Amino acid sequence: MTVTQRSPHRLDRDGTTYYFCCSGCKSKFAAEPQRFVGVSNRPDAAKPILAAAGPIGTIYTCPMHPQIRQPQPGNCPICGMALEPVMPTLDDGPNSEYVDFAHRFWWTLPLTVIVTALAMVGHGWHLLDVAVQPWVELLLATPVVWWAGWPFFLRWWQSLVNRSPNMWTLIGTGVGVAFFYSAVATIAPQIFPASFVVEGRAPVYFEAAVVIVSLTLLGQLLELRARSQTSAAIKALLGLAPKMARRLRDDGSEEDIELTQVRVGDRLRVRPGEKVPVDGEVLEGRSNLDESMLTGEPVPVEKTPGATVIGATLNATGSLVIRAEKVGSDTVLSQIVQLVVAAQRSRAPLQRMADQVSFWFVLVVGVIALVTFFAWGLFGPAPSWVYGTVNAIAVLIIACPCALGLATPMSIMVATGQGATSGVLFKDAEAIEHLREVDTLIVDKTGTLTVGRPTFQGVVAAAGRREEDVLRAAATLDQGSEHPLADAIVAEARHRGIELGAASEFESSTGIGVRGRVDGTAAAVGNAVLMKEIGVDPAPLLPAADGWRQRGASVVYVASQGQLLGLIAIADPIKESTPQALAALRAAGIRIVMATGDGLATARAVGRQLKIDEIYGEVRPRDKAELVARLKAQGRRVAMAGDGINDAPALAAADVGISMGTGTDVAMASSHVTLVKGDLRGIVCARELSTATVANMKQNLAFAFLYNAVGIPIAAGVLYPAFGILLSPMIAALAMSLSSVSVIGNALRLRAN
């Protein structure tokens with residue numbers, strides 16, 4: 001990969017100019033140039049291009065047409081949309097196009113307001129002389145059209161050069177025709193027939209030109225802001241990886257190095273509280289690792305020599321020495337990033353339909369305008385060519401794509417606002433369109449169906465023992481533990497007002513439980529393995545333990561002085577709203593599938609309670625994404641609901657990804673819909689809104705096309721032979737505005753849903 005000499009990131013050193021892909025790589029080179037100079041890629045002797053400081057050779061693609069890929073920024077030749085990097089980086093600065101459009105919009109908005117005010121009320125109030133006002137409007141409109149609207153004209157020109165008519169073709173044509181016609185009417189009004197003269201002058205339409213430019217700029221700003229969020233998931237994932245690693249040298253000394261310098265086979269130390277730098281194998285030490293980023297489960301996983309560890313997972317208490325086995329793009333975290341990127345770039349965009357419609361619409365309007373011009377010029381009454389020019393302009397003005405352009409965005413805007421008030425956040429129009437078509441819902445368990453944190457479920461005392469004694473012994477000993485299950489036990493004891501004793505000689509046995517002394521008496525809390533180690537037989541309580549496990553709970557035994565006191569059941573409880581939500585979804589004909597990183601026994605227990613159709617346990621992020629792909633290959637329309645980082649690839653790969661607002665930022669950034677309250681009943685609300693919105697969009701599009709189907713022939717003059725009726729550009733502009741108002745009014749009806 002290479003960096004072109006057009007890159008703005010450059011640095012002169014020792015008489016040589018170096019070019020970089022981004023400011024971050026430039027900073028790295030400036031700090032340690034000796035690391036990179038020897039491995040530079042030199043396309044010529046005078047201008048070396050640095051190829052070792054970072055992700056060189058950024059590829060840009062269109063968010064709506066992922067088949068467009070090129071090594072430099074630009075606009076999509078199909079739709080005219082600005083290209084964006086395939087793989088964002090943490091060093092990305094502000095979007096340059098957003099900054100440019102915002103500058104153009106805010107500097108020219110006052111001019112648009114003044115021109116529109118003059119056009120609307122200037123004549124009635126006689127603010128300016130009839131002969132002077134058009135010149136004032138021309139002066140004020142020129143910078144709006146030709147400076148603020150210049151990017152649109154560039155895209156308009158590209159659509160013609162690339163033979164790909166699109167919305168920019170319509171916008172550029174509409175604005176250009178309105179401005180040029182008005183400029184001619186201002187400079188040479190005498191060329192127009194007397195029937196088109198109003199109050200001593202030919203009407204001008206500068207307000208139509210400037211309003212279209214300003215509204216289009218505003219729409220682009222809103223779109224760019226929304227599009228910038230599509231890379232948030234990638235950046236959040238990239239931010240999970242630690243920046244440094246601690247490497248052990250052969251002589252026994254240690255050094256801190258950058259993550260990029262880690263090589264396969266390196267021995268690395270992971271201290272308590274640090275993140276594991278790369279994927280590898282434990283060589284020395286014992287500890288618990290928080291792998292919730294992969295499994296979504298809050299319970300730490302024990303790691304001993306020989307166990308595998310995953311980069312970016314969090315080391316809890318013990319110190320580990322690991323051997324690096326996978327680095328760079330081979331790590332699990334990098335693969336998750338790649339899965340999310342691939343899924344985001346493979347979605348079929350809503351804009352494709354608009355592109356196809358625009359292509360034929362522009363061609364038809366262009367042909368009608370030309371036919372109108374020549375028909376009037378050759379066969380119309382004198383001055384025939386003037387009539388031809390005016391009527392052709394009327395056709396183009398009335399065909400200006402305001403109503404067509406607003407048909408779907410207004411529905412989407414109202415729908416997203418209405419959804420937000422109900423706790424449902426839609427990421428884009430595609431999500432609204434596709435959600436109504438979903439027939440299969442994949443749900444994660446922890447944090448989606450369940451609350452997402454272990455809570456106390458019950459206590460069973462052994463014969464001759466009291467529940468309070470069991471809880472007191474367990475909670476007293478667990479005060480020194482950081483395990484989530486221990487937190488649940490201590491919280492329950494305090495809730496019951498049980499006074500805890502004094503714990504001493506606390507010892508944690510990773511993966512099996514804890515032991516120590518409670519008020520000087522030996523005690524232990526843990527699983528059956530720990531009980532057997534201390535010589536306690538858990539058999540009397542095995543039936544009770546099995547009963548709790550059948551209900552999806554985890555069980556810990558409590559012993560004191562070599563005697564079994566009882567057991568405590570802890571589980572991640574099902575949300576109160578979950579059964580009602582799933583029942584409503586099943587009633588709507590949606591098949592429910594659960595895929596969780598939790599154990600299969602627990603998953604089945606929860607699935608039985610909720611009457612879930614299919615259950616998959618012990619699945620990893622890639623497994624969830626593959627499940628989505630498999631169901632889609634069967635012809636199903638799949639939605640995925642989850643709340644963890646581990647759900648990100650599946651959320652992005654699904655037709656509609658639905659995240660819990662109570663979950664991780666990465667899950668929300670990867671999804672298309674966010675349920676703010678984390679309540680699955682929001683999916684029912686979102687589907688109803690999706691159905692109503694799509695119907696509203698179709699109504700708006702039908703109205704826009706009907707308006708053009710009726711207005712364009714009248715503007716072309718088909719009624720003139722029989723009725724002597726001509727549609728002046730002024731009436732055409734008014735009709736254009738009224739059509740837009742009608743579309744907006746229809747979209748606002750969604751507020752009633």
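F379 lies in helix 10. In this predicted model, F379 is exposed, because its relative accessible area of 72% is over the 50% cut-off for that class. F379 also belongs to a nonpolar surface patch of about 600 Å², made together with L370, F374, L378 and W385. Helix 10, which spans residues 351-379, gives the most to this nonpolar patch, with four residues.

G176 is part of helix 5, which covers residues 167-187. The C-alpha atom of G176 is separated by 8.4 Å from that of F153, and the two residues are 23 residues apart along the chain.

| Residue | Relative accessible area | Class |
|---|---|---|
| F379 | 72% | exposed |

The protein chain has an average pLDDT of 78, and 76% of the residues score at least 70. Strand 8 (residues 267-270) has the highest confidence, at a mean of 93, whereas helix 8 (residues 292-295) has the lowest, at 59. Over residues 38-56 the pLDDT stays under 50, and the model has 45 contacts beyond four places in sequence for this stretch. Residues 346-351 likewise have a pLDDT below 50, with eleven contacts in the model beyond near neighbours in sequence. Where pLDDT is low, the predicted coordinates should not be read in detail.

Key: Residues are numbered from 1 along each chain as its sequence is written. This is a predicted model: local features need pLDDT of at least 70, side-chain atom pairs count only at pLDDT 80 or more; totals for chains, interfaces and linings use all residues. Side-chain values use heavy atoms; hydrogens and water are left out. Patches are made of residues with over 30% relative accessible area and no salt bridge: like charges are joined within 9 Å, nonpolar side chains (Val, Leu, Ile, Met, Phe, Trp, Tyr) within 5 Å. Accessible areas come from the Shrake-Rupley method with a 1.4 Å probe; for residues, only the protein chains shown count as cover. A salt bridge is a side-chain nitrogen of Lys or Arg within 4 Å of a carboxyl oxygen of Asp or Glu. Helices (H or I, at least four residues) and strands (E, at least two) are DSSP runs, numbered from the N terminus. Buried means under 20% relative accessible area, exposed over 50%, partly exposed in between (1.4 Å probe, protein chains only). pLDDT is the predictor's confidence in each residue, from 0 to 100. Contact means heavy atoms within 4.5 Å.
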